[in-house]
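Colleague: Can you walk me through this one? I'd like the ground rules before the details.

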Amino acid sequence: MCGIWALFGSDDCLSVQCLSAMKIAHRGPDAFRFENVNGYTNCCFGFHRLAVVDPLFGMQPIRVKKYPYLWLCYNGEIYNHKKMQQHFEFEYQTKVDGEIILHLYDKGGIEQTICMLDGVFAFVLLDTANKKVFLGRDTYGVRPLFKAMTEDGFLAVCSEAKGLVTLKHSATPFLKVEPFLPGHYEVLDLKPNGKVASVEMVKYHHCRDVPLHALYDNVEKLFPGFEIETVKNNLRILFNNAVKKRLMTDRRIGCLLSGGLDSSLVAATLLKQLKEAQVQYPLQTFAIGMEDSPDLLAARKVADHIGSEHYEVLFNSEEGIQALDEVIFSLETYDITTVRASVGMYLISKYIRKNTDSVVIFSGEGSDELTQGYIYFHKDWRGRKKNCFVCQKQNSWCFCL
């Protein structure tokens, strides 16, 4: 997790505006940088770094000698960056996965670039040679991105809304901050005065479509058909690959473990693949709950079975209540379900940060949301029909999210 922040066409003093970027400093505890854009005194990039790959040359905005006119600020992981580098024989200047965005853009433009990325990402790409600004976000919106734009062309972008809400601009007392749409990229013209004008917003991919980068994937070939054994084999192939491609890090890996199906499968598969990669440290797993929590008992059984270095974090109701304000501030939402689920996540994350050296943390989060594992999905028939959550196709169930 890193924090990105950028301004284009600011009417206010940049040194004052940059104070807003410090509100997302928690996203990057290892380093931070502010950098003005050459020739545009009212344009600026800000970056808070959590160093996961290439600790020496990984600071942002990323700029390389071959493309002095390109500026990139991104948050995320591009899992297929080495595959793309080898396939197109790009000459890298760093070991940073995001550098692939610069090479792909120079080769084929923004649409081909974003469609070729297998990963989770949010980025701001500036091309001063062609006077363009590009914003992009991954298909599912795993990485957050917010923007504020005024009618006169002032643009502000940040990983979290809190980095934008206090910005100053002469045209309006309050900026309208909106989330940038997942699965989209936006093209903007950069004017000589540093302000921008939106050209187009493009939906580049839908989760039901085969992504362009799949043509270059190393995934084992899937078997056709819907027989139960075929489906299980295909799921096993895809699941193993999903875990494996996320091992790209120079920092220690850990895993959250509740003892449920999702996190247990992730932890077991992760531990197996770490052994195959001959990683020298034991896998640390982490569980949290109140005293006599069934999750703690189940997680303990799984940890004993797979042989992980297991940690348990206990908390009481008072500690949960005390964390609420900070959890809501971090989440930027009052949604009851989200807040309730995030209290434990917040407390265990604090524990991991303070007491261990694990930095990259795997979990089973997301599967229930994607495949509707929660009980209220089964009870909410009206919502299901209205949003076309589930449809029957070729005698099998698919999810139309």
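Modeller: Start with burial: buried means under 20% relative accessible area, exposed means over 50%, and partly exposed is in between, with a 1.4 Å probe and protein chains only. This is a predicted model: local features need pLDDT of at least 70, side-chain atom pairs count only at pLDDT 80 or more, and totals for chains, interfaces and linings use all residues. Residues are numbered from 1 along each chain as its sequence is written, and side-chain values use heavy atoms, with hydrogens and water left out.

Colleague: Fine. What are the phi and the accessibility of Glu89?

Modeller: Phi of Glu89 is near 60 degrees, a positive value in a residue other than glycine. Glu89 is exposed, at 69% relative accessible area. It lies in the loop between α2 (81-88) and α3 (99-115). Helices (H or I, at least four residues) and strands (E, at least two) are DSSP runs, numbered from the N terminus.

Colleague: And Gln278, buried or exposed?

Modeller: Gln278 counts as exposed, at 62% relative accessibility. Its phi is also positive, about 60 degrees, although Gln278 is not a glycine. The loop here runs between α5 (261-276) and β14 (284-289).

Colleague: Which residues does a cis peptide bond join?

Modeller: Gln60 and Pro61, with omega about 5 degrees. Pro61 sits in the loop between β3 (40-49) and β4 (62-64).

Colleague: Zoom out. How many helices and strands are there?

Modeller: The protein chain has 11 helices and 18 strands. Its radius of gyration is 22 Å, close to the 21 Å that the globule rule gives for 401 residues, so the chain is as compact as a globular protein of that length. That radius is taken over C-alpha atoms, and the rule is 2.2 Å times the number of residues to the power 0.38. Along the principal axes, the C-alpha atoms fill a box of roughly 60 × 55 × 50 Å.

Colleague: What share of the residues is buried?

Modeller: Buried residues are 46% of the 401 in the protein chain. The chain exposes about 21500 Å², and carbon and sulfur atoms supply 55% of that. Accessible areas come from the Shrake-Rupley method with a 1.4 Å probe; for residues, only the protein chains shown count as cover.

Colleague: How is the chain divided into domains?

Modeller: Domain 1 covers 3-203 and domain 2 covers 249-378. The bounds come from an automatic or database domain assignment. The C-alpha centres of the two domains lie 30 Å apart. In domain 1, 13 residues are in contact with 10 residues of domain 2. Contact means heavy atoms within 4.5 Å.

Colleague: What about contacts across the sequence?

Modeller: Take contacts between residues at least 6 apart in sequence: 61% of them join residues at least 24 apart.

Colleague: Now charges. How many salt bridges does a search of the whole structure find?

Modeller: It finds 15. The criterion is a side-chain nitrogen of Lys or Arg within 4 Å of a carboxyl oxygen of Asp or Glu. One of them joins Lys132 and Asp189, with the closest N and O atoms 2.4 Å apart. That pair links distant parts of the chain: Lys132 is in strand β7 and Asp189 in strand β11 (residues 184-190), 57 residues apart. Lys132 is partly exposed at 23%, and Asp189 is partly exposed at 29%.

Colleague: What about Lys195?

Modeller: Lys195 and Asp152 meet in a salt bridge, 3.7 Å from N to O. Lys195 lies in the loop between β11 and β12 (196-203) and Asp152 in the loop between β8 and β9 (155-158), so the pair ties together parts that are 43 residues apart in sequence. Lys195 is buried, with a relative accessible area of 10%, whereas Asp152 is partly exposed at 29%.

Colleague: Which residues are linked in a network of salt bridges?

Modeller: Arg27, Glu160, Lys162 and Glu332.

Colleague: Last topic, the surface. Which residues make the nonpolar patch of about 290 Å²?

Modeller: Tyr140, Val142 and Leu370 make it. Patches take residues with over 30% relative accessible area and no salt bridge; like charges are joined within 9 Å, nonpolar side chains (Val, Leu, Ile, Met, Phe, Trp, Tyr) within 5 Å. Val142 is partly exposed, at 45%, and lies in the loop between β7 (132-137) and β8 (146-149).
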